[in-house]
Amino acid sequence: MTAFPLDRQRNARFLFSSDRQICREAFVYANDITKSRLYRARKLVSNESFGNLQHGLAGAKGTSALKKPQIEGVLRFLVEYGSLHGLPVPTVQGTGTGLPNVYLPTKLAKVELWEGYEVLQSVSFLSTLPPCLPHHTDQAGAIYFKSPLGVHIFGLVDESNSRVYYIFMNELNCIDLDGKYSHGPNSVLSMLDFFLKQSDNGERNLCIYADNCTGQNKNRFTMGCLAHLIKTGRYDTIEIHFLPPGHTKFSPYAFFGLLKRIFRRFSIDRPDEMKTEIATKAASSHTFDKDDEPEWIWKDINTFAEDRYESVPGINGSYHFKLHRDEERGVILRHCAKEGGPTTEVLMEAAKNKTSIVRTRKLVRQAPVKVLETGGFSATRAKELLKQLLEYVTYNKQDEWRKFITTNAPAPPSVAVPKRRTAPAPPNPPMPRPSLQPSVPAPPKRQRKK
């Protein structure tokens, strides 16, 4: 028998013949192992799974280990800092990339350099006009006058790693009946909150870039939602910048252009096919579908933020907003029309201002954010999609389209069958009372002469 341990080689080996017994103490001392290791090795031999011993935590990730996006962010910061303040070596030092080494300046220690690194999550989002289904490359002209199924796409770009996220929804799973409120503040803020939860890597600062649309993005409900994120401790500071009129294109436009390019070259009949085509054709992208994400819920943020947070005076004339928390005054918002210009300060928490006793009492009684339900198809819309658009669906996919519409269509209302009217039964004739007099035979009838 060969001595243990098995994880490393030893120059000296102790051999024992099988006919000679040796005590456990001597074997452990001779092989310089512990008793627990001897027991584990004996168990491996008895189970015929004899091999190299492996640590129990092999392959497990530590709780304090950095995630991949955090590591990429640190490397990007070092590259940018080195390009600005570093000193490149004139000759290549044998690196695998073929690039010269860059020496960082010695005026800052490693700790001071790390303090200058700010963990920041930068996000840009935009909603696009809904494409219509069914869609074909050889689209017939008559469908232009119909009302096809609308698929709403919400695009977010993580500027930290240049990755785009497409969020798909259609008339079936939007807010209210037939997707009536698919582009309101509740819809946009619910999707933004869902994305921030999915991409959370421990960032404490958030920077958002959005289009200057007052109905969807720049309103008091968006500012109240961001103030609530700071109040609950999810972020320390939040900046949101709206693009001014006449702005140039920014990153979501490029990714939506790629999406339209794919959409124009392929025939798509159902919403699930569109998600599959985008996921396979668009590089550096990730797709979310409302039906496949149970954590994605619609929230009534308008009602939630209206009584909790103040409105922002002069919001339409400003394009740069920054929120942070003060221990005494609560969440504070500062906004300005031009970056670096004069700012206006607003206390966002309504209870801190004490502007209205009624509002404070209502705030105490108010329940948490309300979850909104999807409306689905109405009976009229389901009938329209089934009868008017079925002929424009690909022939071999018409059964799937019919099944998709009929499965999600509301059940027809039950019609009560009226009862058949019948004439009332005549009353029973009165029964003759029995007479006490003897009965007299009736006279015979007179026969007619022939």
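D178 is found in the loop between strand 6 and helix 5; helices here (H or I, at least four residues) and strands (E, at least two) are DSSP runs numbered from the N terminus. This is a predicted model, in which local features need pLDDT of at least 70 and side-chain atom pairs count only at pLDDT 80 or more, while totals for chains, interfaces and linings use all residues. Residues are numbered from 1 along each chain as its sequence is written, and side-chain values use heavy atoms, with hydrogens and water left out.

Most residues other than glycine have a negative phi, and most peptide bonds are trans. D178, however, has a positive phi, near 60°, and D176 has a positive value too, near 70°. D176 lies in the loop between strand 6 (163-170) and helix 5 (185-198). With a relative accessible area of 25%, D178 is partly exposed; buried means under 20%, exposed over 50% and partly exposed in between (1.4 Å probe, protein chains only). D176, at 30%, is partly exposed.

Another backbone spot involves a proline. L133 and P134 are joined by a cis peptide bond, with omega about 0°. P134 sits in the loop between strand 4 (132-133) and strand 5 (149-158).

Now for the rings. The whole structure holds 12 aromatic pairs, where rings of Phe, Tyr and Trp (its six-membered ring) pair if their centres lie within 6.5 Å, and planes under 30 degrees apart count as stacked, over 60 as edge-to-face and the rest as tilted. F250 and Y253 have ring centres 5.1 Å apart and planes at 75°, so this pair is edge-to-face. F250 is buried at 14% relative accessibility, whereas Y253 is partly exposed at 27%. Elsewhere, ring pairs link Y165, F194, F195, F288, W296 and W298 into a cluster.

Finally, turn to two helices. Helix 12 (residues 379-387) and helix 13 (residues 398-408) pack at about 175°, their axes 10 Å apart; axes are lines fitted to C-alpha atoms, for helices over the stretch in contact, and angles run from 0 to 180 degrees between N-to-C directions. The two helices are therefore roughly antiparallel (angles under 35 degrees count as roughly parallel, over 145 as roughly antiparallel, 65 to 115 as roughly perpendicular and the rest as oblique). A382, L385 and L386 of helix 12 meet W401, R402, I405 and T406 of helix 13, contact meaning heavy atoms within 4.5 Å.
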